[in-house]
Amino acid sequence: MARAREAVSPSVVIAAAGLVVVVAVPFLFILLQAVFPHLGRGSLAAPFSALAGALGDPKLIGMTGNTLLLGLLVVVLSALIAVPLAVARALFRVPGAVIWDVLFLIPFMIPPYIAVLGWIMTLQPRGYLEQLAGFDLAAFLFSVPGIVFVMTLNTFPVVYFAVSRTVETVGSRYADVARVFGASPLRAFWRVTLPLSTPGLAASLLLVFAMSIEEYGTPAALGRRAGFDVLVTAIDLRVSDWPIDLPGAAILSLVLVILSFGAFLLQRWILTRRSYEATTGKPQDAAKRDLGVWKFPVLALFAAVAVAATGLPLLAILATALSRTISGGLTLANLDLSNFSAILGDTTGALKALGTSLSLGVAAALVTGLLGALSAYAVVKSKVRGRGVLDVLTILPNALPGIVVAVGLILAWNQPWLPVTPYNTALILLLAYCCILLPQPVRYATAAFHQIGDNLEAAARVFGASPLVAFRRILLPLIAPSLLAAMLLVFAVATRELVASVVVAPVGVSTISTYIWRQFEQGSVGLGMAMAFITILITTALPLIVLSLMGRRGNLL
Amino acid sequence: MLKTMLRAGVTAAALLTAGSALADVTVYTAGPASLIEKLAAGFTEETGVKVEFFQATTGKVMARIEAEASNPVVDVLISASWDTATDFAERGWLVPYTSPNAATVPDFLKTETAVAQGVAALAIAWNPASGTPKPAEWADLAKPEYKDLVNLPDPAQSGSAFELVSALSADGMGLFESLAANGAIVAGANAEALNPVLQGAKAAVFGAVDYISLNGKAKGESIEVIFPETGTVIAPRPVMILNWSKNQDDAKKFVDYVLSDAGQAIVAGTSLMPARADVTADRPLIADLKILPVDAEAVYGKRAETLEAFSKVFAK
């Protein structure tokens with residue numbers, strides 16, 4: 001009897017319903033669009049007629065290869081940068097740990113299209129670097145290594161935060177046992193701590209892979225000059241070049257989904273090979289070790305990454321925002337606050353856009369946090385049949401380019417027979433952000449659940465707690481650190497999401513990103529950069545304030 | 001915690017849905033944003049009719065219309081490419097309307113179903129601080145002084161850039177071959193091609209949309225707009241009323257307003273050329289420019305071939 005009730009635990013039902021609305025509906029319409037080319041006009045004529053054209057594109061194989069290569073290179077470089085930093089942060093007393101956390105959070109707050117423009121304006125001939133130091137690095141920037149470099153600086157925080165949290169949870173206790181049995185410190189780390197941290201590492205690398213094959217801004221700005229075409233740029237061209245080819249875009253997106261799905265299967269295979277339970281309810285010694293002679297080398301590494309990922313892009317953004325004209329360059333006479341006063345004076349609708357995006361960011365973080373925790377629970381801890389399907393639904397949006405999600409949402413929610421619809425209200429933006437960003441909380445929460453022993457929930461149930469109470473009182477607090485980190489990322493990305501917002505924004509509504517983008521389109525780069533700078537400040541400060549109000553000082557994220 | 005999260009989520013959602021009722025006239029436009037903002041405000045002030053607008057690039061506006069086609073909401077469309085007006089008319093999506101204010105709009109800027117709001121022209125945008133001699137002709141940019149210093153907007157992403165490429169390649173791709181040999185590169189859409197010139201990484205844009213550069217110059221940027229004597233192409237920006245519109249009377253009033261003295265003054269204020277021949281602006285007008293003939297039907301019929309040949313020239 002009890003087992004039967006477990007099968008329909010309310011948390012699982014909520015997770016399933018939420019996933020259907022947020023992910024399955026738009027995805028279904030993308031699939032339908034791929035099959036029925038005239039879906040937008042409400043016709044199901046000529047099914048599969050667009051397939052041959054899109055898949056027969058002679059450039060397809062090259063672009064798919066480039067996409068895979070880009071994803072793998074960004075994953076490898078992100079891991080190389082983030083894992084040593086994360087391990088140091090988790091196991092040792094790194095001086096200024098909280099400050100480093102904040103500095104590594106900021107790259108995530110910098111919209112990729114802004115970061116890449118900042119890099120271009122710094123490294124191109126007569127850019128900021130040449131104005132200050134006399135040389136330029138354009139040849140490096142507009143190349144495949146340049147693209148990988150810029151994208152890695154944007155994505156490595158995902159790995160850093162996930163791995164440092166999981167390694168911290170694993171703690172040094174298991175490694176200590178290995179040491180007692182005679183293993184060297186290095187061996188104990190390689191054979192015990194690192195393997196036990198696999199869930200966090202695998203989950204975050206999967207996210208990075210999916211993010212980098214789906215990312216549009218950087219390959220579009222840098223790749224075309226390097227002759228490096230990827231699937232996303234081809235998809236965008238199909239959606240923006242008249243005559244619009246929605247079926248072609250949908251079909252190419254499905255190729256992306258297949259790539260991402262392959263990575264997902266690989267990650268799942270790694271995670272299900274063995275158990276990674278490290279949180280068993282036993283008290284844990286949280287004390288961290290001293291770095292000793294390694295203190296300064298480690299600090300230098302932290303500083304170097306912080307300068308490259310946070311310092312330089314922020315300075316480039318600030319320099320542009322403070323410049324009256326771009327052609328005036330970095331001279332004292334050319335610097336003033338006119339761009340900032342235009343925004344704060346709100347002659348351009350900037351404050352309204354800020355308000356819209358910030359509330360959408362908070363709402364998206366709450367919805368995806370809740371839905372992510374419930375879905376991850378349903379997948380990892382429940383024994384519900386069909387939970388594999390739920391798991392697949394949570395990974396699908398990861399590989400869908402924002403623009404395709406936007407088209408799917410319009411097709412789904414603009415049907416004439418719907419009595420009420422979120423379309424043409426700000427809710428459609430919320431749906432878009434939730435769909436695109438849901439994978440983050442799900443991956444983080446899944447990794448956290450993998451580390452929690454089943455006996456904890458069982459103990460709560462034995463003492464009479466209902467499934468919901470056990471979830472709320474036992475499991476949720478245990479995964480809260482990981483989940484909160486993911487929700488902060490959702491907040492940051494949702495506040496500045498561009499690609500879907502540009503297409504799906506309701507009439508008369510502008511978001512931070514569409515505001516910035518319009519300034520760029522009109523040639524007001526400085527005004528756009530000033531808005532970007534203010535946004536980065538707010539999206540960094542707000543989560544920090546929330547966390548310190550919640551009394552989590554000293555243990556950020 | 002779960003309850004608080006739920007409650008907060010519901011509140012946020014409720015807040016978001018408020019205040020997004022559809023307006024009397026819904027305009028989709030290819031920008032610039034400041035233009036439609038001022039036109040909407042002026043129109044509402046004059047008629048009391050509310051305007052809501054959606055602004056993006058021509059491509060993104062079209063993608064939205066295509067995805068919405070089963071249940072469209074747009075009443076008035078302003079595109080940056082005349083091609084849209086031709087194509088939509090062929091599909092039978094447009095309402096025939098001739099505004100009384102369109103009397104002084106030259107014939108080549110209006111049809112039964114569309115009329116230009118304003119006109120942009122393509123030009124050389126050159127940075128005088130670049131240390132290069134001032135170019136006068138398209139072909140000048142293939143000279144050694146401009147080696148590696150020229151950007152071209154991508155004709156696959158910009159309708160006007162495509163027409164310029166077509167007009168200048170009527171006798172073959174020779175000019176573009178010498179540009180490519182001189183290190184000129186294709187650099188994204190219009191704004192993307194201009195920024196490196198402002199900072200000085202490049203000296204000139206071959207085929208810049210003039211009004212963006214003129215606005216930059218007005219703000220103090222070091223940029224000059226040069227219209228070659230051999231001729232250039234223009235990009236009229238058509239205004240159209242969609243036949244599914246349920247507010248066609250208000251939509252017609254909006255078109256009237258765009259072509260009114262006040263509306264055309266706003267157009268001139270953004271450095272575009274007004275569509276009406278009797279409205280002046282503080283910039284070179286159509287009559288001052290030599291316009292290269294573009295046979296739209298023939299040119300767009302060969303679009304794929306032209307783009308293919310063009311990208312072959314610039315492929316490394």
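Because the model is predicted, local features need pLDDT of at least 70 and side-chain atom pairs count only at pLDDT 80 or more, while totals for chains, interfaces and linings use all residues. Residues are numbered from 1 along each chain as its sequence is written, and chains are lettered from A and ligands numbered from 1 in the order in which they are written.

Chain A has 27 helices and zero strands, where helices (H or I, at least four residues) and strands (E, at least two) are DSSP runs numbered from the N terminus. Its C-alpha atoms fill a box of roughly 65 × 65 × 45 Å along the principal axes. The radius of gyration of chain A is 24 Å, which agrees with the value near 24 Å for a compact globule of 557 residues; this radius is taken over C-alpha atoms, and the globule rule is 2.2 Å times the number of residues to the power 0.38. Of the 557 residues of chain A, 57% count as buried, a residue being buried if 20 or more other C-beta atoms, placed from the backbone, lie within 10 Å of its own, exposed if 12 or fewer, and partly exposed in between. Among contacts in chain A (C-beta atoms, placed from the backbone, within 7 Å) between residues at least 6 apart in sequence, 79% join residues at least 24 apart.

Helix α22 (residues 439-450) of chain A reaches 16 Å from its first C-alpha to its last, close to the 16 Å expected, where the expected span is 1.5 Å times one less than the number of residues. Twelve of the twelve residues of α22(A) are buried, among them Arg443(A), Tyr444(A) and His450(A). Trp413(A), which lies in helix α20 of chain A, counts as buried because it has 22 C-beta neighbours inside 10 Å. Leaving aside neighbours within four places in sequence, Trp413(A) is in contact with Leu418(A), Thr421(A), Pro422(A), Tyr423(A) and Ile428(A), and its C-alpha atom is separated by 9.4 Å from that of Asn424(A), eleven residues apart along the chain.

Chain B is divided into domain 1 (21-119 + 235-286) and domain 2 (120-233 + 291-314), with bounds from an automatic or database domain assignment. The C-alpha centres of these domains of chain B lie 27 Å apart, and twelve residues of domain 1 are in contact with ten residues of domain 2. In helix α5 (residues 159-168) of chain B, nine of the ten residues are buried, including Phe162(B) and Glu163(B).

The contact between the chains takes 55 residues from chain A and 61 residues from chain B. On the side of chain A that touches chain B, the largest share, eight residues, comes from α18(A).

The largest nonpolar core has 303 residues; such a core is a set of buried Ala, Val, Leu, Ile, Met, Phe, Trp, Tyr and Cys residues joined through C-beta atoms within 7 Å. Its largest share, 19 residues, comes from helix α18 (residues 350-380) of chain A. Domain 1 and domain 2 of chain B both give residues to this core, so it lies between them. Among the residues with the most contacts inside the core are Val159(A), Ala432(A) and Ala125(B). Ala432(A) touches Val405(A), Ala406(A), Leu409(A), Ala500(A) and Val504(A), not counting residues up to four places away in sequence.

Key
Contact = placed C-beta atoms within 7 Å.
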